[in-house]
Amino acid sequence: MTIPDTIAIDGPAASGKTTLACNLARELNFICLDTGIMYRAVTCVVLKKKVDPLDEQGVTRLAQEMQIEIAAPTLADGRAFDFLVNGEDITGELRKPEVEAYVSQVSAYPGVRQAMTRQQRRIGQRGKIIMVGRDIGTVVMPDADLKIYLVASLEERTRRRYEERIQHGEEVSLDEVRRGLERRDQIDSTRQAAPLKPADDAVVIDSDGLSIEEVLSAARKLIR
Ligand code: CDP
């Protein structure tokens, strides 16, 4: 029995892609690369350096110069890895609300995408990889052995992301979370460069009403 060597998982915000990918990667002993954190990292550095997120040239230059490293976790704060940019650990900042607010703007720039896609493909070449994002099956790894497109209703995604953020101690309302997800999905799916959409040969899994284990089991059936 052969199993796929490269797996692409795409889908809208908070559809459960990362949870599925991490669980599968553990079972298969594969690397899991969440490409969303790379775009979050660019956004984080842009905000830190006080570059205007609307300045496409400035943002693109920063993305092209960024040295990204993913290393084993050095802190026991629930993180799965240390994410270093130019040697600085920014793991704790990637999910901050201000990063969330600008990440879709920043990741719509073609030059930013080119720089990230290059790094993602280099990592993907090793094989035994599950890559998660918006354009993995369509652009980054169009030859992936298995492509999954994970969807869930806006209501369900809002509820999941709201619970995550409350658990992280944030003060946020359901309505704010819903509006944030809607806004990001709108930008992600209508941009010119590598918009969010299923690849023609992707298998769609609708996770509405399914538990984490049930989604995992649907993916396992596609793999074996
Ligand atoms: O975890 P969540 O689904 O909320 O988002 P994420 O996967 O961390 O991605 C954050 C943002 O990065 C997305 O809303 C996209 O704007 C962008 N992104 C992208 O453009 N292409 C990817 N391959 C991954 C993320």
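The expected span of a helix is 1.5 Å times one less than its number of residues, where helices are DSSP runs of H or I, at least four residues long, numbered from the N terminus. The model on screen is predicted, so local features need pLDDT of at least 70 and side-chain atom pairs count only at pLDDT 80 or more, while totals for chains, interfaces and linings use all residues. Residues are numbered from 1 along each chain as its sequence is written, and side-chain values use heavy atoms, with hydrogens and water left out.

Select residues 110–124, helix α5: at 1.5 Å a residue its 15 residues should span 21 Å, and the end C-alpha atoms, 20 Å apart, agree with that.

Next, show α1 (residues 17–28) together with α9 (residues 212–223), whose axes, lines fitted to C-alpha atoms over the stretch in contact, come within 10 Å and cross at roughly 55 degrees. That makes α1 oblique to α9, oblique being whatever is left after under 35 degrees (roughly parallel), over 145 (roughly antiparallel) and 65 to 115 (roughly perpendicular), on a scale from 0 to 180 degrees between N-to-C directions. For the contact itself (heavy atoms within 4.5 Å), colour T19, L20, N23, L24, E27 and L28 in α1, which meet I212, V215, L216, A219, R220 and I223 in α9.

Finally, go to E100 in helix α4 (residues 97–107), which counts as buried because its relative accessibility is 12%. Leaving aside neighbours within four places in sequence, E100 is in contact with R40, R95, R161 and R184.

Terms used
Helix = DSSP H or I, 4+ residues; strand = E, 2+ residues; numbered from the N terminus. Buried < 20%, exposed > 50% of the residue type's maximum accessible area, 1.4 Å probe, protein only.
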